[in-house]
Amino acid sequence: MEPEARAGAHRWVVRQIPAQGKRSDLHAYNRHLMLSQRTPVSITTPIYYVNDRPHIGHAYTTTLCDVWARAQRLDGREVFFLTGTDEHGAKVEKSARERGISPQALADENSAEFRRVMELFGLSNDDFIRTTEARHESQVKLFVQRLLASGDVYLGEFEGWYDEGQEEYVTDTRAKELEYKSPISGKPLVRAKEHNYYFKLSAYQARLEQFFDAHPEFVRPAGRFNEVRGRLRDGLQDVPVTRTNFSWGIGMPSAPEHVIYVWIDALFNYTTALGLGEPNGELAKARAKFWPPEYHVIGKEILWFHAVVWPALLMALGLPMPKCVYAHSFWISNGQKMSKSLGNFIDLETIESYFAKYGLDAWRWYMTTQGPLGTQDSDFSPKHFHEIYTAQLVNTYANCASRTSSMIEKYFGGVMPEAETASMPISATAGAPTWSAFTSDISSKVIKHYAAFELAEAADSALSIIRAVDVLINETQPFKLAKDPTKLPEVARILSACAEGVRIASVLLTPIMPTKCAEVLAAFGAKTTEEAATNGIESSARWGGLQPGTKILKCAPFMRVDAPV
Ligand code: ME8
C-alpha cells in the first residue's frame, strides 16, 4: 500500500505488484512507486490584460513559471502550468471604442498575440485561459452565487477613494499616505460613490491575520510578506464585486445590470481552469488534484488582490489556500520605470532582436538569473546582457563543453574512455570532495532551489559543476599530459570526469535552457530529458551515467557575438 497525499488528506490505495522474477518490471515498478508518491503540483502566472501588447514583464513572469514547471516535470512530477488573458473591464471597453472595434474583437486579437508569444518563447503552459470563454464565465457566476447564498456578497452602497488606472478602491488611510495620488500612474485618486454588490472582506480580518501569522511563507519574498502584514493592521474594508459604470464583463446572476468587477472575475481564473466551480464536472475530475497551487507568481503591483482579497474569497468558498504568492519586482529600463511616453519599453520586437542575436535560451538564462525575483527592481541593459552572455554562457558553459568534447575527440577518437572517476577528488585542494559526492550534493541543492522558486540559485549551483570542471582542466592540463603516451590513462580519467560533469550540469540546467542543454546532452551521448522525467532528476544526475564507449560529438552551444554598440 502507498500513501497518496494531497491537500493534507492521506488515502491508502492498493496497487498490484508485478510477478516476481522479472527484474526490469520490478525496477520500473519501484520507480513508478517512487514517482507516484510525488503529489501533482501547479503554478500560475497572472492573466494579462488584453488592452496592452506583450512586453518583457509578461515574458518574464511566464518564463519564470515555465522554468519551475519544467524543473518539476523533469523531476517526475505531474504539473499543471496555467497562464492566460484577462479580457473584461472598462479599460478594454475604452481601448476597443477608441479603435472602433468591439471589445470581443479587441480581446480576440490581443489574446491571440499573447498566445503567439507563448509559442515564440517555447513556453510549456498546460492551459491558456481566457476570461471571455464560456467555461470561465459560467463558473464565475456559480462562485458568485455561492457567495451570495452564504451572505459573503451583499448589495450595498459605497463611497471611497478610487484609482481609475488600477480600477481599484484604496482605503482612507492608504489614500492619505499616498497623498491622494495613484502609486502606479501618479494621477489623482477620485472620490467615487456606487451602488454595488460587495464582498465582506472586513469579516475575514481576524482569519487572515491568523493565517498570515501561521504561514510566514505564504507571501514571498519576506519583504513583501511584511508589507502586506503591515497593511492588514490598517483594517479591511469590504470590496465591490460588481460595477455599473461599464458593461463589458460577466453579468451578475439575477441582476445583469451589475457587471462582475474585473478583478473578481480575473482572480477566479485560477479555479475555473481547474473546473472547481462545478466540483462534479468532468474538468474538476481531471484537474481538481492540482488545487491548491504551489505558486501564484505575480508582479509586486497586484500583491494586495492576490494576498488578501483572493485568500478571503477562498476562505468564504471553503477552498484550500494557495501555498505561496510570489511577488517579484519590476524590470526597469536604463534606470527608469518603463513607460510608453518615455519610449523605453522592452517590447516584443526588442526581445525578438535578442533571440536573433543571442538565441532564446540565452534570453531565458538572463531572465532567470538576473531578473527582479527579490524586492529590488532590475535594470535591463544591453551591455549587461552581453556581459552575462559572454562570461557565463560562452566562456563558462560552452567553453567547458567544447574543450571537453574536442579533447575526447582528439585523444580518444570521440569515444568516452574507460576510467574510474567516482572516487576522484574534484581538485588538488586538501579535503576536496570526490566528484560523485560533489555532484550529488549539488544536484540535491539544485532540485531544492528549483522547488523553492530560488531559480537564480538553482542556475548558479548547477553552473558550479561547470566551474569545477574548468578548475580540473586548468589544474591538470590534460592537453599537456596527452603529449606523453604513458599518461593517457590519467588523461582518460580527467576527461571522463569532465564529460560526466558537463552531462550532469546539462541535466540540471535543462529547465532554464531546454534547447541548448538537449543539444549538449545529445553530443555527450546522454538520453535527454525524457529519461530524467521517467527517473527523476536525482537519478539522471547521478555520477556514472555516462558509459565508457559512448560516442561523444564536438559541441559549442554558445558562440561569441559582437558587443552592442
Ligand atoms: O495586472 N517587470 O495584468 P497586466 C516585471 N490582468 N514584470 C512585469 C512588469 C515589469 N516591468 N510589468 C508587468 C494585470 N509585469 C491583471 C492581472 S491576475 C488575476 C490579473 C508582469 O497585463 C507582472 O507579472 O497588467 C505583473 O503582475 C503582470 O505582468 C501584470 O500584467
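## Close-up views of a predicted model

**View 1. The pairing of β14 with β15.** Strands of a sheet pair through backbone hydrogen bonds, and they may do so in either a parallel or an antiparallel manner. Here strand β14 (residues 295–299) and strand β15 (residues 325–328) run parallel and are joined by four bridges. Within this view, V297 can be located opposite Y326, a residue of β15.

**View 2. Surroundings of the ligand.** The ligand is surrounded by 23 residues, of which the closest are I47, T61, D86, G299 and W331. A polar atom in the side chain of T61 lies 2.7 Å from an oxygen atom of the ligand, while an N or O atom in the side chain of E301 is 3.0 Å from a ligand oxygen atom. In the case of W331, the polar atom concerned belongs to the backbone, and it is 2.9 Å from a nitrogen atom of the ligand.

**View 3. The three-stranded antiparallel sheet.** Three strands form an open sheet in the order β11-β13-β12, and their pairing is antiparallel. Because β11 (242–243) and β12 (251–252) stand at the edges with a single partner strand each, one side of each is left without a neighbour in the sheet. Two bridges join β11 to β13, and R243 stands opposite V259 of β13. Two bridges likewise join β12 to strand β13 (residues 255–260), with the two strands running antiparallel.

**View 4. The hairpin of β12 and β13.** M252 has A255 of β13 as its bridge partner, whereas the bridge partner of G251 in β13 is V259. Two residues lie between the strands of this hairpin, and S254 takes a positive phi near 65 degrees.

**View 5. The crossing of α14 and α17.** Helix α14 (residues 360–370) and helix α17 (residues 455–476) pack at an angle of about 115 degrees, and their axes are 7 Å apart. The two helices, α14 and α17, are therefore roughly perpendicular to each other. On the α14 side the contact is made by W365, T368 and T369, and on the α17 side by L455, A456, A459 and L463. Sorted by class, this contact of α14 with α17 comprises five nonpolar and two polar residues, with no charged residues.

**View 6. The crossing of α13 and α14.** Helix α14 also packs with helix α13 (residues 348–358), the axes of the two coming within 7 Å and crossing at roughly 115 degrees. From α13, the residues I351, Y354, F355 and Y358 meet L360, A362 and W363 of α14. By class, the contact of α13 with α14 holds seven nonpolar residues, and neither polar nor charged residues take part.

View 7. The peptide bond that joins R220 and P221 is cis, with omega of about -5 degrees, and P221 lies in the loop between β9 and α8 (222–232). A cis peptide bond also joins W291 and P292, where omega is about 0 degrees; the position of P292 is in the loop between α11 (282–287) and β14.

**View 8. The backbone at E167.** Although E167 is not a glycine, this residue has a positive phi of about 55 degrees. The residue E167 is found in the loop that lies between β6 (153–163) and β7 (168–170).

Definitions and conventions. Residues numbered from 1 in each chain as written. Predicted model: local features only at pLDDT ≥ 70, side-chain atom pairs only at ≥ 80, totals over all residues. Heavy atoms only, no water. Axes fitted to C-alpha atoms, helices over the stretch in contact; angles between N-to-C directions. Parallel < 35°, antiparallel > 145°, perpendicular 65-115°, else oblique. Contact = heavy atoms within 4.5 Å. Nonpolar A, V, L, I, M, F, W, Y, C, P; charged D, E, K, R; others polar. Pairing = 2+ DSSP bridges. Near = heavy atom within 4 Å. Polar contact = N/O pair within 3.5 Å; in protein donor to acceptor, adjacent residues only side chain to side chain.
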